[in-house]
Amino acid sequence: MNPIINDQLTAYGWNDGWQQTLAEMEQPLRQYSPARVVAQFSHSYNLMTADGLHSAAVTGKFEFLAAKRGDYPAVGDWVLTEPLPGEKRSVIHAVLPRRSAMVRKVAGSVIEDQIVGANLDYLFIVNALNQDFNLRKIERYMIAAWESGASPVVLLTKADLCPDPEAFAALVEDAAPGVPVHCVSAWTGSGKEALGAYLKPGATIGITGSSGVGKSTLLNWLAGHDLQLTQGIREDDARGRHTTTHRELFLLAGGALVMDTPGMRELQLWDAQEGWQLAFSDIEQLASGCRFRDCKHDGEAGCAVLEALSSGELDPKRFANYRKTEKELAHLARKERSAAKGNSKGKRPRSAGRADRRPNRLLEYMDDE
Ligand code: GDP
Ligand code: ZN
């Protein structure tokens with residue numbers, strides 16, 4: 001059997017790079033046909049296949065081999081599938097290695113990675129140019145984007161409500177040199193042309209930002225029609241089978257793919273910090289063996305982290321990455337604190353209280369700065 005690839009898949013982002021990835025998969029996986037996950041339910045998926053929309057589930061073997069939640073397909077993933085003869089249904093054998101992944105840590109009996117969107121090229125970080133404008137929130141979304149591997153793009157919406165949108169754009173640019181910032185208004189239509197640079201055929205774009213900033217309006221504006229009304233949002237029909245119209249990954253008329261999943265909308269910002277600790281839990285683990293409880297791993301005697309570095313147990317690149325992220329987060333926390341101080345009778349940033357209560361090593365670093 002040869003994988004079936006056609007224009008439909010190309011429209012959904014299949015390209016030479018993915019073809020190469022497929023060729024590198026082991027047998028028998030590479031003989032299965034690629035499809036892209038366009039919606040996710042609790043136990044099944046909607047896929048765009050070479051044969052149109054299919055509903056699908058993973059095989060028993062897949063389930064057996066999956067070690068953690070993040071091993072399961074997520075919206076945006078390319079999966080290797082086999083159609084069931086004569087039906088608009090497929091089974092999923094494998095997930096192709098992700099190019100990027102927006103991850104949310106979910107706490108249950110154990111803490112697990114939940115992939116809220118895979119293979120994004122860009123993450124549109126949406127914030128409104130009214131009293132909801134929040135630079136620190138934008139910064140934290142940018143960290144989440146960088147961690148995911150997608151390129152952040154900041155969209156300041158409701159430009160029609162703001163006398164000087166460019167002044168706010170400049171604030172964002174100062175905070176994150178190099179990250180593109182665009183002011184748009186779905187009301188007046190201003191700023192739409194600039195988005196053409198990202199909305200290329202086959203490019204996948206995620207949308208995130210707090211409730212009310214204008215994400216749905218933006219989506220419909222980009223689509224040129226009301227996506228929510230036309231796509232149908234029921235998960236199950238009466239017989240417990242999925243409607244095949246449900247999508248969280250939309251193909252726009254211009255050829256770009258836009259991802260709007262509930263999980264991505266609800267990205268919890270301080271997860272970036274909690275996520276950092278979890279992501280580097282191996283280093284935290286090593287640090288618990290340092291002689292001094294407040295060891296900064298900076299030349300102190302009896303430092304287990306430096307020991308692991310010199311013995312080769314800890315990859316220097318990984319440690320450098322840890323330091324870099326630690327610095328970014330400390331920078332944000334400093335701003336957060338000074339904002340909380342200068343704002344004692346007004347609104348306190350929502351997360352400051354949570355951060356103050358967190359008794360962790362990260363805060364010790366931050367307080368030294
Ligand atoms: P979401 O929760 O992020 O999806 O936000 P919505 O798209 O539902 O928009 C929230 C509110 O902002 C709605 O009342 C919209 O009509 C309004 N809105 C969205 N875009 C604009 C805009 O460009 N200008 C103005 N003035 N209002 C907007
Ligand atoms: Zn140490």
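Contact is taken here to mean heavy atoms within 4.5 Å. The model is predicted, and in it local features need pLDDT of at least 70, side-chain atom pairs count only at pLDDT 80 or more, and totals for chains, interfaces and linings use all residues. Residues are numbered from 1 along each chain as its sequence is written, chains are lettered from A and ligands numbered from 1 in the order in which they are written, and side-chain values use heavy atoms, with hydrogens and water left out.

The protein chain holds 15 helices and 13 strands, where helices (H or I, at least four residues) and strands (E, at least two) are DSSP runs numbered from the N terminus. Of its 369 residues, 49% count as buried; buried means under 20% relative accessible area, exposed over 50%, and partly exposed in between, with a 1.4 Å probe and protein chains only. Among the contacts in the protein chain with a separation of 6 or more, 66% are accounted for by residues 24 or more positions apart. The chain exposes about 18300 Å², of which carbon and sulfur atoms supply 51%; accessible areas come from the Shrake-Rupley method with a 1.4 Å probe, and for residues only the protein chains shown count as cover.

Around ligand 1 there are 15 residues, of which Asp160, Gly212, Lys215, Ser216 and Thr217 come nearest, a residue being near a molecule or strand if one of its heavy atoms lies within 4 Å of it. This shell divides into 4 nonpolar, 7 polar and 4 charged residues, where Ala, Val, Leu, Ile, Met, Phe, Trp, Tyr, Cys and Pro count as nonpolar, Asp, Glu, Lys and Arg as charged, and the others, Gly among them, as polar. Helix α7 (residues 215–223) gives the most to the shell, with 3 residues. An oxygen atom of ligand 1 lies 2.7 Å from a backbone N or O atom of Gly212, and an oxygen atom of the ligand is 2.6 Å from an N or O atom in the side chain of Ser216. A nitrogen atom of ligand 1, in turn, lies 3.4 Å from a polar side-chain atom of Trp187. The protein covers 74% of the 580 Å² of accessible area that ligand 1 has on its own.

Strand β10 (residues 181–183) contains His182, which is buried, with a relative accessible area of 16%. Leaving aside neighbours within four places in sequence, His182 is in contact with Val153, Val154, Leu155, Leu156, Ala194, Leu195 and Tyr198. The side chains of His182 and Tyr198 are joined by a polar contact of 2.7 Å, that is, a pair of N or O atoms within 3.5 Å; within protein, one must be able to donate a hydrogen and the other to accept it, and residues adjacent in sequence count only if both atoms are side-chain atoms.

Several backbone features fall in loops. The peptide bond from Gln27 to Pro28 is cis, with omega near 5°, and Pro28 lies in the loop between α2 (16–23) and β1 (33–40). Lys158, although not a glycine, has a positive phi of about 60°; Lys158 lies in the loop between β9 (151–157) and α5 (165–175) and is partly exposed, at 25% relative accessible area. His297, also not a glycine, has a positive phi of about 55° and is found in the loop between α11 (281–287) and α12 (304–311), where His297 counts as buried at 1% relative accessibility.
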